Amino acid sequence: MLDKIFGKNTLTYIANAGVMISTPYTKIIIDGVIDPLPGKYIGPEEGFAESLILSKEPYHNIDYIFVTHAHKDHISPQTANELLKRNKHIRLICPRSVTQLLRQQRNYNDMLAGQIFTAGLQKYSSVPVSFEDFSFTAYRIPHDGETSSVVENLAYFIQADGKKILALGDCTQKVYDFEKAALPQKCDVLLCPANMVGQRSGREIINMLRPKQVVLCHLKNTKDELERIKNVINRYSKSLPKVTILTEPTQKIKI
């Protein structure tokens, strides 16, 4: 591990809700193993899947893959299976529904089971996990919207090389759900859907979690939507932490 020095702590945008987080000794992808998306959301750069599977820069030396839920704009099961086959050191962490999805693909084989960690959680429950010098906690938090009762959505509190990242997936925006789930406070980076800042309850949740920095993703791929989110941020800037919007694949920020 000591020879894996990637430089400063950075977050690189992949597409939609997908990011890569690089710390001096760890590389993590969250919701970023995806295929090109239809026009509704921002898709990955051309050739991304091949670069990821073949471990080409900047997607080389990935250690962990986190998947929040089984929707196709958060996980491509075929690509994920191929990635694991070619990179046997990578561990993939996901809810039960994603594990089932991976197993249903023709390119799945039982050899991959040892690389997949399934966090099977009931609503509002959590589980802490440690892998050598890396640890995280998975939380079951409802998915936003009408599908909230049937979609397994996990939030992840990840601790890597002294950095604390809280990724919410497509989370509910009901304060009650966050109070019941008892997610941790005071993270370095809160990764959440862009529409959270557009709703009063979403802003209340953000402030309740007390992050140093908020990174907004899962933005609809329209200029009007981007302008709307920017206007909301400007309007409430004094009552929110530092906010960054992810809009372009390969966009990189310090964390």
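Reader: Quick one to start: which residue in β4 stands opposite Ile30?
Author: Phe66 stands opposite Ile30. Strands here are DSSP E runs of at least two residues, helices H or I runs of at least four, numbered from the N terminus.

Reader: What am I looking at, by the way?
Author: A predicted model, where local features need pLDDT of at least 70 and side-chain atom pairs 80 or more, while totals for chains, interfaces and linings use all residues. Residues are numbered from 1 along each chain as its sequence is written, and side-chain values use heavy atoms, without hydrogens or water.

Reader: OK, how do β3 and β4 pair, parallel or antiparallel?
Author: Parallel, with 3 bridges between β3 (residues 27–30) and β4 (residues 64–66). Pairing takes at least two DSSP bridges between the strands.

Reader: What's the strand order in the sheet?
Author: β6-β5-β4-β3-β2-β1-β14, an open sheet of 7 strands with mixed pairing. β6 (116–118) and β14 (252–254) are the edges; each has a single partner strand, so one side of each lacks a neighbour in the sheet.

Reader: Switching topic: where does Asp170 sit?
Author: In the loop between β10 (163–167) and α4 (175–181). Asp170 is buried but has no salt bridge, and Lys40, the nearest side chain of opposite charge, is 9.4 Å away. Buried is under 20% relative accessible area, exposed over 50%, partly exposed in between (1.4 Å probe, protein chains only). For charge, Lys and Arg are positive, Asp and Glu negative, with His and chain ends not counted.

Reader: What does Asp170 touch, then?
Author: Beyond four places in sequence, its contacts (heavy atoms within 4.5 Å) include His69, His74, Asp144 and His218. The side chains of Asp170 and His74 also make a polar contact of 3.1 Å. That term covers N or O pairs within 3.5 Å; within protein, one atom must be able to donate a hydrogen and the other to accept it, and sequence-adjacent residues count only if both atoms are side-chain ones.

Reader: How many salt bridges in the whole structure?
Author: 5, each a Lys or Arg side-chain nitrogen within 4 Å of an Asp or Glu carboxyl oxygen. One joins Lys212 and Asp188, with the closest N and O atoms 3.3 Å apart. That pair links distant parts of the chain, 24 residues apart.

Reader: Is Lys212 buried or exposed?
Author: Exposed, at 63% relative accessible area, whereas Asp188 is buried at 12%.

Reader: Which residue does Arg86 bridge to?
Author: Glu82, at 3.4 Å between the closest N and O atoms. They are 4 residues apart in helix α2 (residues 77–86), so about one helical turn separates them.
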